[in-house]
There are 2 protein chains.
Amino acid sequence: MTSSQALVSAYWAAAEARDWDAFGRLLAEDVRYELPMSRERVSGKAAYLRFNAEGFTTDWHLTVQRIVADEGTAASWIEMNDAGETYPGLTFFDMADDLIVKITDFWPEAYEPPAARAHLTERI
Amino acid sequence: MTSSQALVSAYWAAAEARDWDAFGRLLAEDVRYELPMSRERVSGKAAYLRFNAEGFTTDWHLTVQRIVADEGTAASWIEMNDAGETYPGLTFFDMADDLIVKITDFWPEAYEPPAARAHLTERI
């Protein structure tokens with residue numbers, strides 16, 4: 001049995017390598033990919049491979065910051081570097097039968113903190 | 001021993017109840033809270049209790065969507081409802097000695113998807 005941790009680790013390694021064959025072997029045929037903040041969905045392995053291979057053609061690179069995994073679900077935090085910009089990607093995974101069946105991605109953006117709470121925080 | 005899963009579950013229950021005493025009992029004295037996207041940090045339990053009690057005075061409510069936990073770390077996905085708006089909150093936790101020692105929060109915002117990949121997705 002492949003652990004959730006190993007599946008997510010292999011997922012990001014294959015993405016970074018643009019090894020879409022290896023990437024595809026980690027996915028269920030009916031895998032679902034969702035981006036809640038842009039309300040986008042991709043359904044099925046073939047469509048999701050196309051989305052990745054065709055949708056992002058810049059020289060991006062990712063590094064895994066953290067993978068948290070239990071039985072059947074996982075979450076990861078990566079840093080994406082693309083055209084000199086670095087930003088985090090946060091992903092929740094569902095697994096079944098040693099394959100990834102659902103991926104939910106969040107790409108938060110930088111923002112200015114509310115001035116009203118400036119006395120309660122420091123800047124990093 | 002309190003599991004990471006139980007700690008995070010209790011953390012969100014105490015926050016929703018505004019039970020800052022119970023909330024504080026889950027935190028290490030030197031707990032660190034960070035918001036990478038606004039580059040804010042709060043250091044120490046007393047300061048973090050103040051940040052929560054004083055920083056957010058609207059009638060917000062949260063529901064836990066998911067907690068992923070392993071030994072010593074966890075990630076959660078909540079939905080926050082505040083003044084009629086609902087948005088997700090994504091949090092990574094570090095634990096030590098049955099207490100939360102670090103909390104990293106992300107609050108992604110909605111955005112319009114790039115038109116160039118519209119043919120690769122459906123809208124949800």
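Chain A and chain B of this predicted model bury about 4400 Å² between them, with 60% of that area on carbon and sulfur atoms. The contact draws on 45 residues from chain A and 45 residues from chain B. Between the two chains you can find 20 residue pairs in polar contact, both at pLDDT 80 or more. On chain A, the elements that give two or more residues to the side touching chain B include α3 (45-55), β3 (61-70) and β4 (73-82). By class, that side of chain A has 23 nonpolar, nine polar and 13 charged residues.

Let's look at the charged residues. Side chains of opposite charge can pair when their charged atoms come close. Between chain A and chain B, the count of such salt bridges is four. In one of them, R117(A) pairs with E40(B), and the closest N and O atoms are 2.7 Å apart.

Now step back and view chain A as a whole. Its secondary structure comes to three helices and seven strands. Starting from the N terminus, the order of these elements is α-α-β-β-α-β-β-β-β-β. Taken along the principal axes, the C-alpha atoms of chain A fill a box of roughly 50 × 35 × 25 Å. Of the 124 residues in chain A, 50% are buried. Among its contacts between residues at least 6 apart in sequence, 42% join residues at least 24 apart.

Next, turn to helix α3 of chain B, which spans residues 45-55. Which residues of this helix are buried? They are K45(B), Y48(B), F51(B) and N52(B). Seen down the axis of α3(B), the buried residues fall within an arc of 125 degrees, so they line one face of the helix. What covers them includes α1 (4-16), α2 (20-25), β1 (27-35), β2 (40-43) and β6 (99-106) of chain B.

One residue in strand β1 of chain B is A28(B). A28(B) is buried, with a relative accessible area of 8%. Leaving aside residues up to four places away in sequence, A28(B) touches K45(B), L99(B), I100(B) and V101(B). Although A28(B) and V101(B) are 73 residues apart along the chain, their C-alpha atoms are separated by 5.3 Å.

R50(B) and E54(B) meet in one of them, at 3.3 Å from N to O. Both residues lie in helix α3 of chain B, four residues apart, about one turn of the helix. R50(B) is partly exposed, with a relative accessible area of 40%, and E54(B) also counts as partly exposed, at 43%. In chain A, salt bridges that share partners join R32(A), E34(A), R41(A) and K102(A) into one network. Back in chain B, the side chains of R18(B) and E16(B) meet in a salt bridge at 4.0 Å, N to O. R18(B) is partly exposed at 27% relative accessibility, while E16(B) is partly exposed with a relative accessible area of 26%.

Terms used
Residues numbered from 1 in each chain as written. Chains lettered and ligands numbered in written order. Predicted model: local features only at pLDDT ≥ 70, side-chain atom pairs only at ≥ 80, totals over all residues. Heavy atoms only, no water. Buried < 20%, exposed > 50% of the residue type's maximum accessible area, 1.4 Å probe, protein only. Arc of directions from axis to C-beta. Contact = heavy atoms within 4.5 Å. Buried area = accessible area lost by both parts, 1.4 Å probe. Polar contact = N/O pair within 3.5 Å; in protein donor to acceptor, adjacent residues only side chain to side chain. Nonpolar A, V, L, I, M, F, W, Y, C, P; charged D, E, K, R; others polar.
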